[in-house]
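Reader: I have just opened this one and I am new to it. Could you walk me through it while I ask questions as they come up?

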Amino acid sequence: MTFFDHLTLKNKIFFTCLGFVLLVSVLIALFTRALLISSLTSGLKDRGVGIAQSIADSARVFILTENRVELTAIAYDARLGNRKDFVSYLVISDKDGQILGHTFTTGFFPGIRKVIRQRNPDNLSINTLDQRGYSVFHISVPVKEGIYTIGAVHVGLDKKHIESLIAKLRLIFLSFLSVITVIFFFLSHRLALHITRPITALIRYTDQITKGDFNILPDAVSGGIAASGPPDKTGPYDKEDDIARLTDSFIKMTCQLKESTDRLKESQKKYRSLFRSGPNPIFVVEKTGFRILDANPNAIELFGYGLEELIGMRLFDLAKHGQDHFSNDPGPDQAMMGSSKAGFYKKDGTSVFVNIHTSPSTYKDEDVILVGTTDISELVEKDSQLIQASKMANLEKMSAGIAHEISQPLNAIKMGSEYLCMMQEKNRPVNKDDLHMVLTQISTQVTRAAEIVGRLKTFSRKTGFTSEIININECVHAVNKIIGRQIALQNIALVLDLDTCLPRVLAHHNRIEQVVFNLVTNARDAVNEKMETMIHDQKGQILIHTFADHSNAVLEISDNGTGIAPGRMDSIFESFYTTKEMGEGLGLGLPITRGIVKDYNGTISVKSTPGKGTCFQIIFPAHHKGTEDENSCYR
Amino acid sequence: MNIFRYLTYLLLCCCISTCFSCSPPPQSDLGPDDTRGVTADEIRIGSSLALKGHAGYLGTQMLQGAMSYILHINSQGGIHGRKINLTALDDGYDPTRCLYNTQQLILEEQVFALFCYVGTPTTVRIIPLVNEAKIPLVGMFTGANRLRSPSNPFLINIRASYYQETQAAVDYMVKTKGFDRVAVFYQYDEYGFDGLRGTELALQKYGLIPVAKGSYVRGTLDVEAGLETIMASRAQAVVMIGTYDPCAKFIILARQNGFFPLFHNVSFVGSKELARRLGHDGEGVIVSQVVPPPTLTPEPSPLPGVAEYIRLLASHYPDTRPSFVGLEGYMNARILCEGIERAGRDLTREQFLQAIASIDDYDPGILNPVSFGTREYQGLNHVYLTVIKDGDLVLIK
Amino acid sequence: MKIVVIDDEKPTLSMFKLFLNAYGYDVHTAEDGETGLSLCRKEQPDMVFTDIKMPGMDGLEVLARIRKMDQPPEVVVITGHGDMEKALLALDLGASDFINKPVEREALNAALCRAEKRRQLPGQLPFDIKVSHPSAGNTLELTLHGRLSAPAASLWRSCLETATLQGIAKVVLRFGDSFSIDSSGISLLMEQLRPIEKSGIAIEFKALPFNYIKIFHMAGMNKMAAFVSAPSPV
């Protein structure tokens, strides 16, 4: 059946249908013919017998009287009307087979006389006579008088009649079948087309799509498919039609596919362009081990290594600190992990500071981490400059206090030396004890002054970039030394409640001091404001409280000052936001404070009740890996 | 591509169909080359007619009339060297006998043509034979409509039809005589029905219907019942379609009962016999004829056909007096011979029929032209009304 | 003479004690305002040195309270660097003098001297101007005594009106021992001196108390006048 297999679907349908129809028709025809022939023949014979028998009844008398005239008349009468069509002849014979009456007007059929003579007149018999010139069923019916056979009636049934009937019928049938076949031919053709043309169109379109050509319009598709449908259906066709539904689904699928492919292409493009020309260096690293799998041109440029050199290196080989230095192990579900101000080394050894942003991804079927680095060296530089500037601003604040602080020892030194000068001038002897006291005092006061200067120097120093493991309490103490006395002079109690077992944090001493300083000065200002503007029932107080909370070190600075209005809470961290009058402050303190806190992965929060007080809370994550036991407490 | 395939399949289907329905064409032993009944020197003609019995006068007269002419032709050497051999069998106006006779004539005698049949039921009976044998039948002493319509090429009617006869009668009665009450008395058979129908059709034209209808059975003289019916209707005229015996009895009885309508008979009645039986009761009885009166007198100039008939009859059958029926027979023979003549030497039935068809406007000498051709196969159309006067049938002008 | 020194700085107190003892004063010290006040009430000193910047009660409050006492002692306020406003306030509140830290001998001596002089003087002297024409005719000398304050405005004006400035090339303001001034006085002085200066007449300040010089400098009077110092006391 290879021929069959090679046919197109359309032809398959057509051939199958046609073949089937033909087969069925032929079977029906044959069956009907057989049935017809047999029934017609038997019917004919029955009729013939019937005729013969009725004639036999009426001919009986005349056979006895050998009335040929009457018998002839009877014979002819039997062939009246449409009987003529199938009764070929009628013969009435006597018991010896002598013909008494017959209807052979134009001549006897050859051999018929012999047949009649030879026939046994006693029994009903039906024979088929197929002779040259005629073909009949010869029915002989005996005419009996009582039990004696007196003669016979012979009826010749023309087979041709049947045959012509059958032929006519056959012709009708066959023409009918032919018409059916032709109609069916067209129908199956149309049906096949209706099925196969849309399928062909769909195949064509699918191939097109496979090649990547999505430029098929929905109209074209449905039009193409619809056009191949029944031609008499123009315009919107029956929505119930399976072909129509197939078309609809196909169009939808194609559109979806197109959109998806377009989106994919676009995102691929985007990704590629981002990766290639993104302003930030991007690394693709293994999820475990952080081995570099790929780097974009910017990364290559920034770090100075070639791509081949980078691939295979571990990411943290480039870093200043080991991998453990980077905070926050990302959970398996966390999309992002960041690390700010991480220090890396370029190939030539120069250091560069980057912010790291990571996100998990898949790269060539592997689970990887995309590491984006932002070169923030400049930013870090600017940052420290800003901090420095703020420090300067702070210094300004401090200057009055410092001046005052220094003037005290200076005064003592001055008065002491003046005393000695005066005594010397007046030639008055100086008491030995007095002398001792003075000299000691001078020395002490010098030391004191130096210390103050030293503190100042420390405070103003630009911090290094390396974070250290520090103890926040020390910072608090340092600030207290700087500003404590001033605050006390303003009749504000500075209370320290420091947890001796406070966990260490990874930060800069200097910067934390800045933070504490900022908050304390703000608190002082708030308390002062309250003292000036409101009725106060308590002495002004600033409380610095440090304590451990799980694995965090918490620093709280609270005051009973004027508080912050709820509406202003969000704004306090804004740069240049200040409630102080012009010239009294730039409003950079809190933003910088927050920046510093964030740098060390800490959080800052504030609670305040207007008129009652404010509390700033800073939480720093504890640094676990340290040389000292993390539970060791210290003063 | 599709067209080709379509055509291929169509062709295939047609072939299959034809294969199945093919059958050899039916053989026919009859064809245009059938020369049955024709020999080198003889043409056999057959006739079955009433030569004896209550209609025997009709047959005898007709036969003698025809034979007169045929014998005359034969004596002159026949037609195209062939003599006409007429075989006449008596069927006594019995259709069954007529059927048998005709079968014998066709089968045994192998006649070329049938000729001069008498009577409606008889002739009608043998129509199947004529059709089956495809044998021409020339001249029938019957005006039955059945023989004329639907037209049968083998039945060559010469005389006018009963419809025409009754039409003429009714015209005379209604138009000329101004009667409106017309009754019909008819033989209860094919012949009678035909005449009745003709009368009814004729009366219908005047918006009339027969006021009474009476009938009798063929072969009997039981006319009383019919007479009673018609008398009761007080008809002014009676159209009678029957034979001379029953009709005569009807008229006599009518007159005896004081019923004096205008009686009319169709030609088939046998006017001469009717007149003879009626005697003086026959006075004023009208008989419609299809041929002119077979008398030479008192015409100023006798019709040549009539004259020839009388002459030939006298020479061959000197004992027979000329009659309407005989003249009809003579006419039949004239037409027969004309046809044979026109067919030519290569005489076949087909040729003969074609020859007959070619007869158009042929006057066999009675100022009544014969036309076959495209019209219904009937030659004479003229109807003559005659009235019995002094035992003779006189033409009504 | 009894002196009370109030200062929250211990070293300063000991130095003061040393110094003043060396001068022969009877020195009592207190480390805060409250203690100082009660000490003053108890000891009834002739002079009080008080620091301004102190925790608790600051120097100005001490000053105000001391001046409310019967027979208030002379109060000298000790100012830190850059507390000139506070110094003026102190003067308004009745401080007789002020000295800056670090304390110089000269300043201390000047303050002691003035305080003694004032003590000798009966109560608070009202303001008085003596107009004189010493030496050359083109110099006008105005000797000022007492506390120059806003109410003295009319006197001053009348003074200057009577003393014609015609043909005067120089105006010398001689400050007496009892001279004291407050902020309103300074404003007045400036107001009066401006037209004089504008008319091209030179102005000279003579014997301005040492400690007032700074204030006058701060007020901008150094632009208008020349400061000529008085011979310092031994």
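Reader: What pLDDT does chain B average?
Author: This is a predicted model, and chain B averages a pLDDT of 84, with 88% of its residues scoring at least 70.

Reader: And where in chain B does pLDDT stay under 50?
Author: That happens over residues 21-29 of chain B, a stretch for which the model has 3 contacts beyond four places in sequence. Where pLDDT is low, the predicted coordinates should not be read in detail.

Reader: How many helices and strands are there in chain B?
Author: Chain B holds 13 helices and 12 strands. Of its 397 residues, 59% count as buried, and among the contacts in chain B with a separation of 6 or more, 69% come from residues 24 or more positions apart.

Reader: Staying with chain B, at what angle do α9 and α10 pack?
Author: Helix α9(B), residues 244-256, and helix α10(B), residues 271-278, pack at an angle of about 35 degrees, and their axes are 9 Å apart. The crossing in which α9(B) passes α10(B) is right-handed.

Reader: Which residues make that contact?
Author: From α9(B) the contact involves B:Tyr244, B:Asp245, B:Cys247, B:Ala248, B:Ile251 and B:Ile252, while α10(B) contributes B:Glu273, B:Leu274, B:Arg277 and B:Leu278.

Reader: Let me switch to chain A. How many helices and strands does it have?
Author: Chain A has 15 helices and 17 strands, and of its 635 residues 43% count as buried. For contacts in chain A between residues at least 6 apart in sequence, 61% join residues at least 24 apart.

Reader: In what order do the strands of the open sheet in chain A come?
Author: The 5 strands of this open sheet in chain A follow the order β2-β1-β5-β4-β3, and their pairing is antiparallel. At the edges stand β2(A), residues 99-102, and β3(A), residues 125-131; each has a single partner strand, so one side of each is left without a neighbour in the sheet. Neighbouring strands of the sheet are turned against each other by 25 degrees on average, direction ignored.

Reader: How many bridges join β4 to β5 there?
Author: Strand β4(A), residues 134-145, is joined to strand β5(A), residues 148-158, by 10 bridges, and the two run antiparallel. As one example of a bridge partner, A:Ser140 has A:His154 in β5(A).

Reader: Which helix packs on that sheet?
Author: Helix α6(A), residues 159-210, packs on the sheet and touches β3, β4 and β5 of chain A, and its direction makes about 130 degrees with that of β4(A).

Reader: On to chain C, then. Which residues of α8 are buried?
Author: In helix α8(C), which spans residues 210-219, the buried ones include C:Asn211, C:Tyr212, C:Ile215 and C:Phe216. These residues lie on the same side of α8(C), because they cover an arc of only 135 degrees around the axis. Just after α8(C) comes C:Gly220, which takes a positive phi of about 100 degrees.

Reader: One more glycine: is C:Gly36 buried or exposed?
Author: C:Gly36, found in helix α2(C), residues 33-43, is buried, since its relative accessible area is 0%.

Reader: What is C:Gly36 in contact with, leaving aside its neighbours within four places in sequence?
Author: With those neighbours set aside, C:Gly36 is in contact with C:Val4, C:Ile6 and C:Ala30. C:Val5 is 31 residues from C:Gly36 in sequence, and the C-alpha atoms of the two are 7.6 Å apart in space.

Note on methods:
Residues are numbered from 1 along each chain as its sequence is written. Chains are lettered from A and ligands numbered from 1 in the order in which they are written. This is a predicted model: local features need pLDDT of at least 70, side-chain atom pairs count only at pLDDT 80 or more; totals for chains, interfaces and linings use all residues. Side-chain values use heavy atoms; hydrogens and water are left out. Two strands pair if DSSP finds at least two bridges between them. Helices (H or I, at least four residues) and strands (E, at least two) are DSSP runs, numbered from the N terminus. Axes are lines fitted to C-alpha atoms, for helices over the stretch in contact, and angles run from 0 to 180 degrees between N-to-C directions. Contact means heavy atoms within 4.5 Å. pLDDT is the predictor's confidence in each residue, from 0 to 100. Buried means under 20% relative accessible area, exposed over 50%, partly exposed in between (1.4 Å probe, protein chains only). The arc is that of the directions from the helix axis to the C-beta atoms. A crossing is left-handed if the near helix is turned anticlockwise from the far one by less than a right angle, and right-handed if clockwise.
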